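My notes follow in the order I checked things.

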Amino acid sequence: MSPTRPLTVLHLVANRWWTGSAEPVIRLLTGLRARGHRVLLGLIAGDRFEQKAREAGLAPLAGLSLEVRGNPLRALADLRRVRATVRAEGVDVIHTHHSHDHWLGWLARGGGPAALVRTFHNARAVRLGWPSTALYRRTDALIAVSREIEERGRRAGIPADRLARVEGVVDLGRFDTADGGAAIRKEFDLGGAPVLGCVARLAPRRGHELLIRGFRLLLAEYPGARLLLVGKGEARARLEALVTELGVAREVLFTGYRDADLPGVLQALDAFALMGAGSDESCRAALEAMAAGRPVVGRRVGALPETVLHGVTGLLVDDDQPESVAAALRALIAEPARAVAMGRAGKERARALYGSDVHAARVEEIYESALRLRTGERR
């Protein structure tokens with residue numbers, strides 16, 4: 001149910017990359033716009049985030065820097081620009097996504113009527129000391145995208161009536177249409193082999209080493225199996241050296257970064273695996289795999305314990321042992337019908353819980369609550 005009036009919502013995102021907060025923000029703005037709200041977006045211009053925003057029909061505000069390490073004059077210019085935008089556009093809600101833009105939003109709002117909202121996209125973003133805790137108490141609503149983040153928010157002293165848990169979001173339509181993975185299987189000469197895959201930046205603490213070592217244990221039983229590692233990043237050379245050292249360079253395939261054909265990549269898999277949450281702890285990659293109808297094997301990190309229904313839409317791994325990862329992967333490879341059923345259940349769960357409209361409707365409720373709180377504080 002939409003609110004009694006359309007809102008004007010300004011999102012401030014001190015991010016330039018197509019990672020972390022970027023895609024969830026675009027999915028949310030798309031959903032809010034479809035529900036009749038007016039959305040404005042401030043971001044760091046000049047890279048993939050801006051490009052993707054424009055492709056979605058979202059023209060970023062001109063004249064903003066939002067650079068975290070910019071000079072003081074730019075920061076002051078940003079404050080003036082945001083403050084002027086809030087007044088001229090009649091902004092009802094300032095929704096921020098990082099520490100830098102959170103402080104900027106608070107300063108720009110001043111004593112005005114706009115509600116201030118912050119989304120925490122990972123647990124590290126929730127700081128437990130002053131002055132951040134003081135800022136949290138002066139914010140009308142704070143959103144956690146996983147239970148782990150929500151618990152850390154409580155430790156930071158965020159009042160319960162201001163802290164909300166919101167599920168992740170995925171572009172359902174994008175992952176519902178592809179060729180079933182035929183082109184990818186042909187490109188990598190996969191034939192009818194069992195194919196597992198992971199989509200994640202090749203960076204430290206993403207769990208690639210654990211996945212590779214777990215996959216290696218399968219090969220004695222399933223020598224034709226393949227593991228696709230999808231993504232780019234600074235750890236690629238190290239991971240390539242690891243697969244060579246373990247003697248699995250033929251079985252572990254680095255696909256590079258995929259964008260336009262990502263739905264096809266996911267549909268080429270028999271199962272998807274994610275061992276680390278990364279900078280977006282809603283674990284969007286797992287949501288995309290579910291939207292593509294693939295079962296998910298994941299560690300209990302980020303939002304995965306709430307997203308993956310163990311034994312229904314995938315399997316959760318309780319520790320960081322390669323043997324445990326191998327057991328979960330083996331369970332799906334050994335029972336293809338079970339894996340297909342889990343993928344189907346995951347797709348239904350994604351449609352019910354993680355689409356843009358459902359996500360926007362939940363955030364809309366939080367905006368209304370934040371506005372009521374702000375109105376009460378100003379009386």
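The model is predicted. I began with helix α1, residues 22–34. I noted 13 residues and a reach of 19 Å from the first C-alpha to the last, close to the 18 Å expected at 1.5 Å a residue.

Next I looked up burial. In α1, 10 of the 13 residues are buried, so the helix is largely enclosed by the rest of the structure. I listed the buried residues: A22, E23, P24, V25, I26, R27, L28, L29, G31 and L32. After α1 comes G36, and I noted its positive phi, near 100°.

Then I turned to cavities. How many cavities of 30 Å³ or more does the structure hold? I found two.

The largest cavity holds about 140 Å³ of space. I counted 16 residues in its lining. P24, T119, H121, V145 and H359 lie nearest the centre. P24 also stands among the buried residues of α1. Both α1 and α16 (356–378) supply at least two lining residues each. Which helix gives the most to this lining? It is α1, with three residues. By type I have eight nonpolar, six polar and two charged residues in the lining of the largest cavity.

The second largest cavity holds about 30 Å³. I listed its lining as S99, W103, R118, A125, R127, S132, L135 and Y136. Here α4 (99–109) and α5 (132–137) each supply at least two residues. The largest share, three residues, comes from α5. This lining divides into four nonpolar, two polar and two charged residues.

How values were computed:
Residues are numbered from 1 along each chain as its sequence is written. This is a predicted model: local features need pLDDT of at least 70, side-chain atom pairs count only at pLDDT 80 or more; totals for chains, interfaces and linings use all residues. Side-chain values use heavy atoms; hydrogens and water are left out. Helices (H or I, at least four residues) and strands (E, at least two) are DSSP runs, numbered from the N terminus. The expected span of a helix is 1.5 Å times one less than its number of residues. Buried means under 20% relative accessible area, exposed over 50%, partly exposed in between (1.4 Å probe, protein chains only). On a 1 Å grid over the protein atoms alone, a cavity is a set of points where a 1.4 Å probe fits but cannot get out, and a pocket is an open set with protein on both sides within 12 Å along at least five of seven lines; lining residues have an atom within 4 Å of a point. Grid points are joined across faces, edges and corners, and a volume is the space filled by probe spheres set on the points. Ala, Val, Leu, Ile, Met, Phe, Trp, Tyr, Cys and Pro count as nonpolar, Asp, Glu, Lys and Arg as charged, and the others, Gly among them, as polar.
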